[in-house]
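Subject: Structure handover

Hello,

Here is the structure for you to look over. My notes on it follow below.

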Amino acid sequence: MAAERGRAAEACVGQVVLPGDLLLLPALYDDGAEGERLRLSTGAAPVGRLLCGPGLRRSGAGLLVTKCGILRHRPAGPGAYWVDSQQKRYVPVKGDHVIGIVTAKVGDVFKLDVGGSELASLSYLAFEGATKRNRPNVQVGDLIYGQFLVANKDMEPEMVCIDSSGKSSGMGIIGQDGFLFKVSLGLIRKLLAPKCEIIQELSQLYPFELVLGMNGRIWVKAKTVQQTLIVVNILEACEYMTAEQRRQALAKLSGN
């Protein structure tokens, strides 16, 4: 019965949640004799906008967990709940910036492997300054950094390398050199967080170029192959290291 009634979402933040768990939102509680029940009346004004993130689904009784992981909450701005998990399989989401590998060219469209269940399409006109005469030089095997324009379960994912104003904004073909590797989606979200300590500490060790894709792919290029591999190994290991262990490893590499 407890699973059917659900638990308060705020009380579960930072704890492990399992698929099928029901999370009740604070504004939906009823003070009746049966305790934590959802109020069925819709007369009360909503407290504010709430975003339902990955691992959760809207339910008539609040939020339903669809993925195993740790529940996270962002109270600032439009509030948001999501499940932080170690998922490795990527599901395309509209607006996500990803790294794709060109696998084929079909007419005027390139097919890209983005790590999802099917290939994504990319038109040759979806590059900054591209026209019928001025086509981008894209070859099979090239790495493309772009964002999803269309991504839903009923349609083939479609990528573009321009923003709403027609500018590349850093998107396009990634250089031939460098090293591409794959990590968990949870680590990618951690690295993309504002003022990420891992990136800041690594940048003090070596100068390097870094491209992060929401599909779990990372491209790194440093001055030498040795430095590139060191950065790759640290990024792969930091998922399982504490902050202190990471600082000790970086101190050894820097000679301090």
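Predicted model: local features only at pLDDT ≥ 70, side-chain atom pairs only at ≥ 80, totals over all residues.

Setting aside neighbours within four places in sequence, Gln227 is in contact with Tyr206 and Ala222. Gln227 is found in helix α5. With a relative accessibility of 18%, Gln227 counts as buried, because the cut-off for that class is under 20%.

Strand β18 and strand β19 (residues 217-222) run antiparallel and are joined by five bridges.

Three strands make up an open sheet, ordered β17-β19-β18, with antiparallel pairing. β17 (179-182) and β18 (208-212) are the edge strands, each pairing on one side only. From one strand to the next, the twist averages 20°. Packed on this sheet is helix α5 (residues 225-237), which touches β17, β18 and β19. The direction of α5 makes about 145° with that of β19.

Next, the strands β13, β14 and β15. β13 and β15 run parallel, with two bridges joining them. The bridge partner of Ser121 in β15 is Glu158. β14 and β15, by contrast, run antiparallel and are joined by four bridges. In that part, Phe148 stands opposite Met159 in β15. β14 and β15 form a hairpin, and two residues lie between them.

The loop between β13 (120-123) and β14 (143-152) holds Asn137. What is Asn137 in contact with, once neighbours within four places in sequence are left aside? The contacts are Asp142 and Ile173. Asn137 and Ile173 are 36 residues apart along the chain, and their C-alpha atoms are separated by 8.9 Å.

Two loop residues have backbone angles to check when you go through the model:

- Ser169 has a phi near 50°, which is a positive value in a residue other than glycine. Ser169 is found in the loop between β15 (155-160) and β16 (172-173). The relative accessibility of Ser169 is 52%, so Ser169 counts as exposed.
- Lys195 has a phi near 55°, again a positive value in a residue other than glycine. The loop that contains Lys195 runs between α3 (185-191) and α4 (197-205). Lys195 has a relative accessible area of 73% and is therefore exposed.

Which classes make up the lining of the second largest pocket? There are eight nonpolar, three polar and six charged residues in that lining.

Regards

Methods. Residues numbered from 1 in each chain as written. Heavy atoms only, no water. Pairing = 2+ DSSP bridges. Axes fitted to C-alpha atoms, helices over the stretch in contact; angles between N-to-C directions. Contact = heavy atoms within 4.5 Å. Nonpolar A, V, L, I, M, F, W, Y, C, P; charged D, E, K, R; others polar. Buried < 20%, exposed > 50% of the residue type's maximum accessible area, 1.4 Å probe, protein only.
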